[in-house]
Amino acid sequence: MSTYTSHLTTSREKPTFREPPCKDLVTSSHVVSPERTATDLLDKVRAQAYRDACRAAYFGVEKVYKAEEFIKELDQKLTGGQIGEMTALTGGVKVVWKKRLTAKAGLARCKTRPLPSATIELSDKIIDDQERLINAIAHEFCHVANNLISGDLRSHGPGFKEWGRQCEAAFPDLGIKITTKHSYRSKFEFIWTCCDKKCGKEVGRHTKSINPKTQACRCCGGLLVQTNPVARTLKTRLECDVEE
Ligand SMILES: [Zn+2]
Ligand SMILES: [Zn+2]
């Protein structure tokens, strides 16, 4: 009887095997080098950038019919369908998506003569998520209602604000905020990410004005790599270095 078997029968313990030292286990794959960590981080950032691009493409299609649907819903809940009826002969409330509208999320154009008509222009650049879409359309719809139903030509006066209050109350689950000020965070065409895992800082520019070969991260001196395929805002925790 070998020593091993006698040990097993007497103590009733499960044998514990020690893995023989294997050459593969102690080579590079288990040693975390700073370069490798940086590559892992960049892979994650690039994967996220790819997901962002897919989401942006999907939203670009989705926003068109969501806008039309939401305007109908607003009209039903806020005016009992009056805007739809008033503008029926001019094709209802028209929605135009504008690439060049960048100063604000939306704009409402109303006419009462010869026939009542309403057009809501929406910014392709600024409206890049559901929340902005809902808030921008609600805001512009309040202008339309204030103009066509209340006959009020002032833009953000008490009449508009009253429609805003009614609108917020009509959709409690959507958390609509009708404000008269815009607080959109700037989006950047060019974003660089710091490769240092602990830092991960993002730097945004409207032009390709950073050369990663000569410029390092201002926080930690780490390597910067360009990471975004679509224009987007910087991630929240990394907002400190915004210029232009
Ligand atoms: Zn407005
Ligand atoms: Zn850094």
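Colour the protein chain by secondary structure and you get five helices and six strands, where helices are DSSP runs of H or I with at least four residues, strands are runs of E with at least two, and numbering starts from the N terminus. This is a predicted model, in which local features need pLDDT of at least 70 and side-chain atom pairs count only at pLDDT 80 or more, while totals for chains, interfaces and linings use all residues. Residues are numbered from 1 along each chain as its sequence is written, chains are lettered from A and ligands numbered from 1 in the order in which they are written, and side-chain values use heavy atoms, leaving out hydrogens and water.

Trace the chain along the sequence and the order reads α-α-α-β-β-β-α-α-β-β-β. Of its 244 residues, 36% are buried (under 20% relative accessible area; exposed is over 50% and partly exposed lies in between, with a 1.4 Å probe and protein chains only).

**Stop 1: the histidine zinc.** Select the zinc ion (ligand 1). Its donors are the NE2 atoms of His139, His143 and His156, at 2.0 Å. A donor here is an N, O or S atom within 2.8 Å of the metal (3.2 Å for Na, K and Ca), and since water is not among the atoms, sites may look incomplete. Along the chain the spacing is H-x3-H-x12-H. Now show helix α4: His139 and His143 sit about one helical turn apart, because they are four residues apart in that helix. Buried or exposed, is His139? His139 counts as buried, because its relative accessibility is 9%. His143 is buried too, at 14%.

**Stop 2: the cysteine zinc.** Jump to the zinc ion (ligand 2). Show the SG atoms of Cys194, Cys199, Cys217 and Cys220, which lie 2.2 to 2.4 Å from the ion. The site counts as tetrahedral because the angles between its four donor atoms run from 96 to 115 degrees; the label asks that all angles for four donors lie between 85 and 135 degrees, whereas square planar (four) and octahedral (six) need opposite donors over 155 degrees apart and all others between 65 and 115, and anything else is irregular. The sequence spacing is C-x4-C-x17-C-x2-C.

**Stop 3: the largest pocket.** Select Ala56, Asp128, Lys187, Ala231 and Arg232, which are the closest to the pocket's centre among 24 lining residues. The volume is about 690 Å³. On a 1 Å grid over the protein atoms alone, a pocket is an open set of points with protein on both sides within 12 Å along at least five of seven lines, and lining residues have an atom within 4 Å of a point; points join across faces, edges and corners, and the volume is the space filled by probe spheres set on them. Colour the lining by class and you'll find 14 charged, six nonpolar and four polar residues. Helix α2 gives the most, with six residues. Domain 1 (55–174) and domain 2 (187–244) each supply at least three.

**Stop 4: a cis proline.** Where does Pro114 sit? Look in the loop between β2 (106–111) and β3 (117–123). The peptide bond joining Arg113 and Pro114 is cis, with omega about -5 degrees.

**Last stop: Asp75.** Go to helix α2 and pick Asp75, which is buried at 7%.

Technical notes. 1 Å grid on protein atoms, 1.4 Å probe; cavity = no way out; pocket = protein on both sides within 12 Å on 5 of 7 lines; lining within 4 Å. Nonpolar A, V, L, I, M, F, W, Y, C, P; charged D, E, K, R; others polar. Domains from an automatic or database assignment.
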